[in-house]
Amino acid sequence: AAEIEFAVGVFTNLSPDHIGPDEHADFSEYLFWKRALFRRCRVGVFNNDDPHVGKIMQGLSCRAVTYGIDRPADLRADADITLTRTGGRLGAAFTVDGVPYTVGMPGAFSVYNALAALAAARLLGAGEQAVRRGLAEPAAVGAPFTVLIDYAHNEAAAESLLRTLRAYKPARLIAVFGCGGDRSRLRRFGMGSVCARLADFCVITEDNSRTEPVEQILADIRAGLRLGNPATPFAEIPDRRQAIYYALDHAQPGDIIAILGKGHETTIERNGVREPFVEREIVEEYWEVKKI
């Protein structure tokens, strides 16, 4: 990887994560390796609102392009972001230099991601219409409730997402999540705690358990639930597909179901073996059968 030169590298944010056995020794080392990417890029795209951006950009050898909302940046969205909800689709509308854009994902953090994508796409020569189609791509089913699939797999990301979803005033906010095996146990306590505080109902399940027993991971998550809010009801369903089915079966009109942890991934790892697992397809196939 050290020999690869990247056309564009993107820095979105930095928080204490991926620290522990088989990962990074501490936050300083994690920051060092994040920064190392930009010694291998022709252009770096940086979130100028992140508090760590200055350290990431120290000793920069590539051209820099910044984006943001709160601070001056090369690509800056106006602060008057509008949350949108059309049927089961959550999104956000924003403007850049007076030009309107929409993104088919909820909240301000999705606007940040959209700005990063917009900057990278422009640098790579993508046309404006292609960029607009990509940003507005929805992931929804024809149901009286909303299903959101997201990669949030640590406390900070889950808190940001769930607080964002609260702003859409759901009837109930349901979190379906697990935690990875052979990784820091602190992440499990954090995920359990934040979901218990911010969701109305939790369904705890497997993630990529790798070589660790799922029961051990779920026990740690249960401890996190008790730390966050012992009154929050939850169901424990170790099989992730069945956990998703359970949430969909019990959803009520106006609910938002947040399926956390895997997002774009196309496999699940159990006992060291990877198997196909695409959550968007699972949700869509379930709903198609449900309608028959």
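Visitor: Which residues have the most contacts inside the largest nonpolar core?
Guide: This is a predicted model, in which local features need pLDDT of at least 70 and side-chain atom pairs count only at pLDDT 80 or more, while totals for chains, interfaces and linings use all residues. Residues are numbered from 1 along each chain as its sequence is written, and side-chain values use heavy atoms, with hydrogens and water left out. A nonpolar core is a set of buried Ala, Val, Leu, Ile, Met, Phe, Trp, Tyr and Cys residues joined through side-chain atoms within 4.5 Å, where buried means under 20% relative accessible area, exposed over 50% and partly exposed in between (1.4 Å probe, protein chains only). The largest such core has 28 residues, and those with the most contacts inside it are L162, L165, F177, C195, I221, L225 and L260.

Visitor: Which elements give two or more residues to this core?
Guide: Helices (H or I, at least four residues) and strands (E, at least two) are DSSP runs, numbered from the N terminus. In soluble globular proteins, nonpolar side chains tend to be buried together. Here the elements that give two or more residues are α5 (155–166), β9, α6, β10, α7 (214–228) and β12.

Visitor: What does I221 touch?
Guide: Contact means heavy atoms within 4.5 Å. Leaving out residues up to four places away in sequence, I221 touches F177, G178, C179, R188, G192, I204 and T205.

Visitor: What is the strand order of the open sheet?
Guide: Two strands pair if DSSP finds at least two bridges between them. The pairing in this open sheet of 5 strands is parallel, and the order is β8-β12-β9-β10-β11. The edge strands, each pairing on one side only, are β8 (146–150) and β11 (234–236). Neighbouring strands are turned against each other, direction ignored, by an average of 15 degrees.

Visitor: How many residues of β9 are buried?
Guide: On one side of β9, L173, A175 and F177 are buried, and on the other I174 and V176 are buried, so both faces are covered. The count of buried residues in β9 is 5 of 5.

Visitor: At what angle does helix α8 run to β12?
Guide: Axes are lines fitted to C-alpha atoms, for helices over the stretch in contact, and angles run from 0 to 180 degrees between N-to-C directions. Helix α6 (residues 185–198) lies across β9, β10 and β12 (256–260), at about 165 degrees to β9. Helix α8 (residues 240–250) packs on the sheet and touches β8, β9, β10, β11 and β12; its angle with β12 is about 170 degrees.

Visitor: How many disulfides does the structure hold?
Guide: A disulfide is a pair of cysteine sulfur atoms within 2.5 Å. C41, buried at a relative accessible area of 8%, has its closest cysteine sulfur in C62, 5.7 Å away and therefore too far for a bond. C179, buried at 3% relative accessibility, is in no disulfide either, as the nearest cysteine sulfur, that of C195, is 8.3 Å away. The number of disulfides is 0.

Visitor: Is the pair of F94 and Y101 stacked or tilted?
Guide: Rings of Phe, Tyr and Trp (its six-membered ring) pair if their centres lie within 6.5 Å; planes under 30 degrees apart count as stacked, over 60 as edge-to-face and the rest as tilted. By this rule there are 6 aromatic pairs. Among them, F38 and F46, both buried, have ring centres 4.7 Å apart and planes at 45 degrees, so that pair is tilted. F94 and Y101 are also both buried, and with 5.8 Å centre to centre and 20 degrees between the planes their pair is stacked.

Visitor: Is R210 buried or exposed?
Guide: R210 lies in the loop between β10 and α7, and its phi is near 55 degrees, a positive value in a residue other than glycine. D182, in the loop between β9 and α6, has a positive phi near 60 degrees and is partly exposed at 26% relative accessibility. R210 has a relative accessible area of 19%, so R210 is buried.
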